[in-house]
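Subject: Structure handover

Hello,

Here is the structure I promised to pass on. Please open it first, then read my notes below.

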Amino acid sequence: MIPFLRKIRYKLAQDNQLLKYSRYAIGEILLVVIGILIALQINAWSEERQLAHSIKTHLTVLRQNLLEDQAQLKALRTTMTNNRMASDSAFLQMKTLIPVDPALKTYLLLLILEHEFRPNTNAFQTLTQSNEIPFLQQDLQTAILNYYALIA
């Protein structure tokens with residue numbers, strides 16, 4: 001096809017038909033511009049699809065992190081409930097005149113142990129570094145930012 005078009009262009013230029021050659025040149029330029037616009041649109045669609053896939057992947061990891069945090073918080077709640085019962089028992093034994101129970105040592109050790117919540121922030125850091133947070137829905141964006149501001 002290109003050799004054919006080249007022959008037409010060459011013939012029009014040789015015959016000195018400027019008007020026909022100009023029409024042909026404008027037509028060729030329009031074809032190139034249309035081709036470039038189509039390529040840009042396809043590229044934009046591809047980038048949107050890749051961004052949507054990336055966001056979906058990051059949200060899946062974020063969900064897993066939140067489930068891990070939830071499990072950790074449940075375990076911490078159980079531990080804190082046990083610690084509260086141990087402190088109540090220790091306080092009652094110290095308050096009364098009854099001889100101290102040997103379990104007091106265990107209660108005091110439970111109270112000394114330090115338990116802390118260590119949230120998994122991998123997905124949030126990845127979302128932040130990839131700058132994908134602005135592409136999330138507004139309410140989801142707000143919820144994620146509020147949660148990680150709360151646990152920081």
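The notes below go from the whole chain to single residues.

**Ground rules.** This is a predicted model: local features need pLDDT of at least 70, side-chain atom pairs count only at pLDDT 80 or more, and totals for chains, interfaces and linings use all residues. Residues are numbered from 1 along each chain as its sequence is written, and side-chain values use heavy atoms, with hydrogens and water left out.

**The whole chain.** The protein has 5 helices and 0 strands. The order from the N terminus is α-α-α-α-α. Helices (H or I, at least four residues) and strands (E, at least two) are DSSP runs, numbered from the N terminus. Of the 152 residues, 16% count as buried. Buried means under 20% relative accessible area, exposed means over 50%, and partly exposed is in between (1.4 Å probe, protein chains only).

Take the contacts in the protein with a separation of 6 or more: residues 24 or more positions apart account for 65% of them. A contact means heavy atoms within 4.5 Å.

**Surface.** The accessible surface of the protein is about 12200 Å². Carbon and sulfur atoms hold 64% of that surface. Areas come from the Shrake-Rupley method with a 1.4 Å probe; for residues, only the protein chains shown count as cover.

There is a nonpolar patch on the surface, formed by Ile26, Leu30, Ile34, Ile38, Ile42 and Trp45. Together they have about 630 Å² of accessible area. Leu30 is in helix α2 (residues 18-95). Patch residues have over 30% relative accessible area and no salt bridge; like charges are joined within 9 Å, nonpolar side chains (Val, Leu, Ile, Met, Phe, Trp, Tyr) within 5 Å.

**Aromatic pairs.** The whole structure holds 2 aromatic pairs. Phe124 and Tyr148 are stacked, at 4.4 Å centre to centre and 15° between the planes. This pair links distant parts of the chain: Phe124 is in helix α4 (residues 122-129) and Tyr148 in helix α5 (residues 138-151), 24 residues apart. Both Phe124 and Tyr148 are buried.

Tyr147 and Tyr148 form an edge-to-face pair, at 4.9 Å centre to centre and 80° between the planes. Tyr147 is partly exposed, at 22% relative accessible area. Tyr148 is buried, at 6%. Phe124, Tyr147 and Tyr148 form one aromatic cluster. The cut-offs: rings of Phe, Tyr and Trp (its six-membered ring) pair if their centres lie within 6.5 Å; planes under 30 degrees apart are stacked, over 60 edge-to-face, the rest tilted.

**His58.** This residue is also in helix α2. His58 counts as buried because its relative accessible area is 14%. Its side chain makes a polar contact with the side chain of Glu132 (2.7 Å). A polar contact is a pair of N or O atoms within 3.5 Å; within protein, one must be able to donate a hydrogen and the other to accept it, and residues adjacent in sequence count only if both atoms are side-chain atoms. Beyond neighbours within four places in sequence, His58 is in contact with Ala123, Thr126, Leu127, Ser130 and Glu132.

**Salt bridge.** The whole structure has 1 salt bridge. Arg118 forms a salt bridge with Glu116, the closest N and O atoms being 3.5 Å apart. The rule is a side-chain nitrogen of Lys or Arg within 4 Å of a carboxyl oxygen of Asp or Glu. Arg118 is exposed at 58% relative accessibility, and Glu116 is partly exposed at 45%.

Best wishes
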